[in-house]
Amino acid sequence: MKSKMNGSELTLYVTGEIDHHNARRIRETADGLIQQKHPTLLNLNFSGVSFMDSSGIGLIMGRYRTMKLYGGRLKVTEIPKGLRRMMELSGLSGLDVLERGFDENECN
Amino acid sequence: MVFDSLSSNEAFARSAVAAFVMQLDPTIGEIGDIKTAVSEAVTNCVVHAYHGITGKIRLNVRFTSDHIVIIRISDKGCGIEDIHKAMEPLYTTSPEEDRAGLGFAVMQSFCDSVNVRSVPGRGTTVTLKKKLSPRYPNA
């Protein structure tokens, strides 16, 4: 998984299908980098995600908690259209982690 | 088809169902909905049914003449004591693994109907139904 550090902001480029099987590998990579680099912002770039079930929601909520524990923030950006229903269903919009504009575009 | 309750089979199961349903000429959205719901149901079997032991998951797909896809996913695992509780959004018995507790909520949202039958100690069967939109309404 590609990652990029920009100042104190860490961007992770999540790719492929996020299910229960793949979520473990993504979680371990993300948590390893968080512990190593202590970013103030973790940006999960979802532009390369082709499929996601509720394991992706668990992954986001887990990283949200981890970043909070370290005093940082989490953002999920470039969410593909196909994942919108899942994101809406999850209640994540209440946590202010989804990229601004996500709720407004073509959701209704 | 019958396969082992291994997490690597989650992708296999949803892809196999999607490939089979393709003959009905579904929309991309419908295929996505079906893949997601199957992934949730199979993951439930992998995570909960056999408690760390590898068991078997049985999956059947059929469709009716009016394009209702019926998917049945069953295991012979531990069963569910309280189905109502299990189906409550955000309820999970394994929060430490980042499980969101949304599996059944997602199935219900992405399918037209979700039926769960379970006998504790004997296993669980989940039946998903989804009606595909007619692609050629004027034909």
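## Basis of the description

Because the model is predicted, local features need pLDDT of at least 70 and side-chain atom pairs count only at pLDDT 80 or more, while totals for chains, interfaces and linings use all residues. Residues are numbered from 1 along each chain as its sequence is written, chains are lettered from A and ligands numbered from 1 in the order in which they are written, and side-chain values use heavy atoms, with hydrogens and water left out.

## Salt bridges between the chains

Over all chains the structure holds 10 salt bridges, a salt bridge being a side-chain nitrogen of Lys or Arg within 4 Å of a carboxyl oxygen of Asp or Glu. One of them pairs Asp98(B) with Arg63(A), whose closest N and O atoms are 3.0 Å apart. Asp98(B) lies in the loop between helix H3 (83-87) and helix H4 (103-110) of chain B and Arg63(A) in helix H2 (residues 54-69) of chain A, so this pair joins two chains; helices (H or I, at least four residues) and strands (E, at least two) are DSSP runs, numbered from the N terminus.

Asp98(B) also meets Arg65(A) in a salt bridge, at 3.9 Å from N to O, and this pair likewise crosses between chains, with Arg65(A) placed in helix H2 of chain A. Both Asp98(B) and Arg63(A) are buried, the former at 9% relative accessibility, whereas Arg65(A) is partly exposed at 47%; buried means under 20% relative accessible area, exposed over 50%, and partly exposed in between (1.4 Å probe, protein chains only).

Within chain A, the side chains of Lys75(A) and Asp96(A) form a salt bridge of 3.8 Å, N to O. Since Lys75(A) belongs to strand E4 (residues 73-77) and Asp96(A) to the segment after helix H3 (84-90), the pair ties together parts that are 21 residues apart in sequence. Lys75(A) is buried, with a relative accessible area of 18%, while Asp96(A) is partly exposed at 49%.

A network of salt bridges links Glu17(A), Asp19(A), Arg14(B) and Lys35(B).

## Helices H1 and H2 of chain B

In chain B, the axes of helix H1 (residues 9-21) and helix H2 (residues 28-49) come within 9 Å and cross at roughly 145°, where axes are lines fitted to C-alpha atoms, for helices over the stretch in contact, and angles run from 0 to 180 degrees between N-to-C directions.
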